Amino acid sequence: MSTTQLVVASKQGDNEAFGRLLEQYRGYLLMLSHRYLSEQLRRRVDPADIVQLTFLEAKRDLHAFRGETPAEFAGWLRGMLKNNVATAVTRHITTKKRSVKREVNLAPASPNQDSGAGWLGQLPGSTTSPSGVAIRSESVLALVEALHQLPESQAEAIRLRYMEGLALAEIVERMGKSDTAVAGLLKRGLQKLRTILSADDCPWF
């Protein structure tokens, strides 16, 4: 089933289709959650937990979704995710007793603990040797941080093309944009990434 068909089937009560639909947007929401949460706050709030909460709310409130397209569904999920991030910020920063400003970071987080690496963990050319894993982890983190510097639409187009390996036609459907628009997002996004990253940081582009 195409993403559009999954949206339609989900609205008609097909739970299996809805589960498949949500999984298609997990990487996108993880990317946004990682982007919206500061590094300091990510030590207290796992972006993956924000995404899971958003999925639960989407299941609960699906009857309220009035859109018909994948792009509209993505926007609906994004709105819920932003609200959940805002709640997390309020709970962990503005509440004095639990404020991350009162914390002292005793050691840098391990790259393997960064939730942003989860959806990037199987990049092309990965290796299983200890040195290869270390290099890949460093490269993945560099890429995650670089994607944060791109406009959201460019970062999403690159994620779909190079992290999920989708064809251009599939990206067009998922993002609700024309072929020309998606091609432009990929071109401009890659150009920007190459100005941010060195060849050692990101050997896949």
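Reply: Of the contacts in the protein chain between residues at least 6 apart in sequence, 66% join residues at least 24 apart, where a contact means heavy atoms within 4.5 Å. The model is predicted, and for that reason local features need a pLDDT of at least 70 and side-chain atom pairs count only at pLDDT 80 or more, while totals for chains, interfaces and linings use all residues. Residues are numbered from 1 along each chain as its sequence is written, and side-chain values use heavy atoms, leaving out hydrogens and water.

The protein chain has 10 helices and zero strands (DSSP runs, H or I of at least four residues for helices and E of at least two for strands, numbered from the N terminus). Read from the N terminus, the order of elements is therefore α-α-α-α-α-α-α-α-α-α. The chain has 205 residues, and 42% of them are buried (buried is under 20% relative accessible area, exposed over 50% and partly exposed in between, with a 1.4 Å probe and protein chains only).

Now to the pocket itself. The second largest pocket has a volume of about 210 Å³. Here a pocket is an open set of points on a 1 Å grid over the protein atoms alone, where a 1.4 Å probe fits and protein lies on both sides within 12 Å along at least five of seven lines, and its lining residues have an atom within 4 Å of a point; the volume is the space filled by probe spheres set on the points, which are joined across faces, edges and corners. The second largest pocket is lined by 13 residues, of which Tyr 28, Ala 74, Arg 78, Glu 152 and Met 175 are the closest to its centre. The elements that give two or more residues to this lining are α6 (70–94), α8 (152–163) and α9 (168–175). Because domain 1 (1–100) and domain 2 (150–204) both contribute lining residues, the second largest pocket lies between them (the bounds come from an automatic or database domain assignment).

Gly 176 sits in the loop between α9 and α10 (179–196), and with a relative accessible area of 54% it is exposed. Apart from neighbours within four places in sequence, Gly 176 is in contact with Ala 71 and Ile 171.

From C-alpha to C-alpha, His 63 and Gly 13 are 9.3 Å apart in space while being 50 residues apart in sequence.

Ser 33, in helix α3 (residues 26–36), is buried because its relative accessible area is 0%; leaving out residues up to four places away in sequence, Ser 33 touches Pro 47, Ile 50, Val 51 and Leu 81. Glu 57 belongs to helix α5 and counts as buried at 17% relative accessibility. With the sequence neighbours up to four places away again set aside, Glu 57 touches Met 80 and Asn 84, and its C-alpha atom is 9.5 Å from that of Leu 81, 24 residues away along the chain.
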